[in-house]
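Reader: I'm new to this one and would like to be walked through it slowly. Could you put it up on the screen, so that we can look at it together?

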Amino acid sequence: MRRILPVASGKGGVGKTTFATNFALALSRLGPTVLVDLDTGTSSVRNTIEAEVTRDLYHFFRRGEPLERCLTPLPKRLDPQGVFRNFAFVAAPRHAMEEFTLLSDEHRVRLMRAINSLAADFVVLDLRAGLDVNVLDFLPHSNSGILVFTPHHQAATMAAADIVKALLFRKLRLVFAADGPLATAASRKQLEAVNALLDRVEDAYDDSIPNLDAFLMDLVEAFGEVPLVTALAENVASFGVYFVLNLFDGVRESFEGAVAPFVRTLQAYVSAQLSVHNLGWIVASPEVHKANCERRPIVLQQWREAKPKDPVSSELEELALQAGLTPRQSAAKSVKDYLVSIDRDQALLEQLEVLKAMHRHTATRQVRDNFAYIARRAIHTLDTLPPDRFGQRRLLTPLELFQVLLRGTQPVTRGDADGADAAPLP
Ligand SMILES: Nc1ncnc2c1ncn2[C@@H]1O[C@H](COP(=O)(O)OP(=O)(O)OP(=O)(O)O)[C@@H](O)[C@H]1O
Ligand SMILES: [Mg+2]
């Protein structure tokens with residue numbers, strides 16, 4: 001089943017394209033993979049891969065070419081052995097053109113539909129910097145996609161947290177819309193009250209309700225544990241956040257410079273209920289930059305398959321691969337108990353443990369192996385979680401998203417939600 005994995009960062013220049021390109025190449029060893037360059041302003045993927053592009057998104061938008069006819073495979077020169085024959089990319093238009101830099105609603109919807117019908121196991125989207133509809137519409141509604149940030153750029157870490165906030169609020173606005181899925185379960189007045197409170201939580205300059213957890217507590221106090229409150233709690237607790245650290249330069253630096261500030265920001269301004277998962281890191285290396293400049297992505301250079309290991313080390317490695325990827329489960333009976341039971345410091349310690357476990361198993365590797373490791377962790381996550389807890393099966397237009405949320409009638413268990421088809425309803 002096709003899985004779409006968008007790569008976003010909020011801020012520019014943190015390594016989205018470098019990661020998306022090499023990650024897609026690594027994934028293609030495990031199944032047919034298409035990388036789509038959605039940074040339609042700067043067409044960065046074609047600057048990273050030295051391939052002759054005969055058709056790109058210009059041909060898709062302007063010339064009516066089907067998207068599958070706009071795929072570019074690797075030239076023999078870059079992949080003489082055909083190791084990456086399952087990889088292809090869709091290049092963005094060659095030169096900046098306003099029409100494609102700011103995609104119209106119509107263009108966006110056409111492109112989403114075409115991406116949804118690409119014949120591939122994995123579709124990786126290289127998104128542009130920023131937080132506009134050209135980014136948000138290509139991100140899932142029940143998880144963050146893959147966020148990239150680095151220990152060296154505090155603002156980028158904050159921007160990644162802002163993406164989570166924007167996605168979550170977009171979904172909550174739809175769930176709690178007056179004509180949304182809760183219209184029959186809650187009175188119009190209740191929904192209006194929730195939306196007015198959501199405005200205040202979203203407003204970073206209004207610190208009377210700093211985050212969704214405080215907001216939930218207020219709701220519990222006001223209405224009790226009614227279905228509306230439970231639905232909100234489930235929506236927040238089932239949202240998965242996934243990230244990759246670029247320019248990794250040590251466990252402590254990454255923890256202090258990126259992971260801890262990221263988790264703390266989410267806890268403070270969004271919610272401490274989110275489960276946050278580190279998919280891996282890419283070390284800072286001149287080799288990576290050189291490979292980009294030469295337009296021969298680093299994983300193309302001397303790709304090595306993981307060597308078969310003895311059973312004990314395989315098992316240990318498998319455990320490290322899985323570390324920190326299981327969503328948190330809650331045994332709490334009520335929303336209030338759950339909120340009170342969250343241990344924020346423990347969540348941070350767990351992140352540190354994950355970094356250490358990954359480090360024990362990957363420290364000796366070369367930078368190009370970082371991508372294979374992340375690909376394996378991503379596949380493990382796709383295989384073990386319900387669909388749409390990570391990645392998405394298909395991109396949804398805002399209207400389709402609304403309909404999906406409206407259609408769901410099954411209650412979901414906190415920490416075990418399939419966000420796409422089962423909208424959390426009382
Ligand atoms: N791990 C790394 N080690 C060394 N250099 C890197 C690494 N990752 C990225 N770079 C370099 O950092 C610069 C920015 O990377 P990249 O273009 O991938 O970022 P981006 O987030 O896609 O940027 P934009 O927002 O402009 O699309 C490039 O010059 C790239 O070669
Ligand atoms: Mg880029």
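Reader: Which residues of β2 are buried on one side, and which on the other?

Author: Keeping in mind that this is a predicted model, β2 is covered on both faces, with Thr 33, Leu 35 and Asp 37 buried on one side and Val 34 and Val 36 buried on the other. The strand spans residues 33–37, and five of its five residues are buried. In general, side chains in a regular strand alternate between the two faces of the sheet.

Reader: And what does β2 pair with over four bridges?

Author: That is strand β4 (residues 87–90), which pairs with β2 in the parallel sense, and there Phe 87 is the bridge partner of Thr 33. β2 is also joined by five bridges to strand β5 (residues 122–126), with the two running parallel, and in β5 the partner of Leu 35 is Val 124.

Reader: Moving on to the inside, which residues of the largest nonpolar core touch the most other members?

Author: That core has 96 residues, and those touching the most other members are Leu 111, Ile 115, Leu 125, Leu 212, Phe 215 and Phe 262. Helix α7 (residues 154–175) gives the largest share of this core, with ten residues. There is also a second, separate core of 45 residues, which includes Val 53, Leu 74, Leu 78 and Leu 382.

Reader: What is Ile 115 in contact with, sequence neighbours within four places aside?

Author: With those neighbours left out, Ile 115 is in contact with Arg 2, Ile 4, Val 36, Leu 67, Val 123, Leu 125, Phe 138 and Leu 395. One of these, Val 36, is among the buried residues of β2.

Reader: Let's take a helix next. How many residues does α9 have, and how far does it reach?

Author: Helix α9 (residues 212–223) has twelve residues and reaches 16 Å from its first C-alpha to its last, which is close to the 16 Å expected at 1.5 Å a residue. At its start, a side-chain oxygen of Asn 211 comes to within 3.0 Å of the backbone nitrogen of Asp 213, and the helix is followed by Gly 224, whose phi is positive, near 80°.

Reader: Which residues of α9 are buried?

Author: The buried ones are Leu 212, Asp 213, Phe 215, Leu 216, Leu 219 and Val 220. They cover an arc of only 155° around the axis, so they lie on the same side of α9. On the other side, Glu 221 and Ala 222 are exposed.

Reader: What do those buried residues pack against?

Author: They pack against α7, α8 (188–202), α10 (227–237), α14 (335–341) and α15 (344–362).

Reader: Two single residues before we stop. Is Asn 370 buried or exposed?

Author: Asn 370 has a relative accessible area of 5%, and because that is under the 20% cut-off, the residue counts as buried. Asn 370 sits in helix α16 (residues 367–384), and, not counting residues up to four places away in sequence, it touches Trp 281, Ile 282 and Val 283.

Reader: And where is Glu 253 found?

Author: Glu 253 is in helix α11 (residues 251–269). With 41% relative accessibility, Glu 253 counts as partly exposed. Apart from its neighbours within four places in sequence, Glu 253 is in contact with Pro 151 and Ala 258.

Definitions and conventions. Residues are numbered from 1 along each chain as its sequence is written. Chains are lettered from A and ligands numbered from 1 in the order in which they are written. This is a predicted model: local features need pLDDT of at least 70, side-chain atom pairs count only at pLDDT 80 or more; totals for chains, interfaces and linings use all residues. Side-chain values use heavy atoms; hydrogens and water are left out. A nonpolar core is a set of buried Ala, Val, Leu, Ile, Met, Phe, Trp, Tyr and Cys residues joined through side-chain atoms within 4.5 Å. Buried means under 20% relative accessible area, exposed over 50%, partly exposed in between (1.4 Å probe, protein chains only). Contact means heavy atoms within 4.5 Å. The expected span of a helix is 1.5 Å times one less than its number of residues. The arc is that of the directions from the helix axis to the C-beta atoms. A polar contact is a pair of N or O atoms within 3.5 Å; within protein, one must be able to donate a hydrogen and the other to accept it, and residues adjacent in sequence count only if both atoms are side-chain atoms. Two strands pair if DSSP finds at least two bridges between them.
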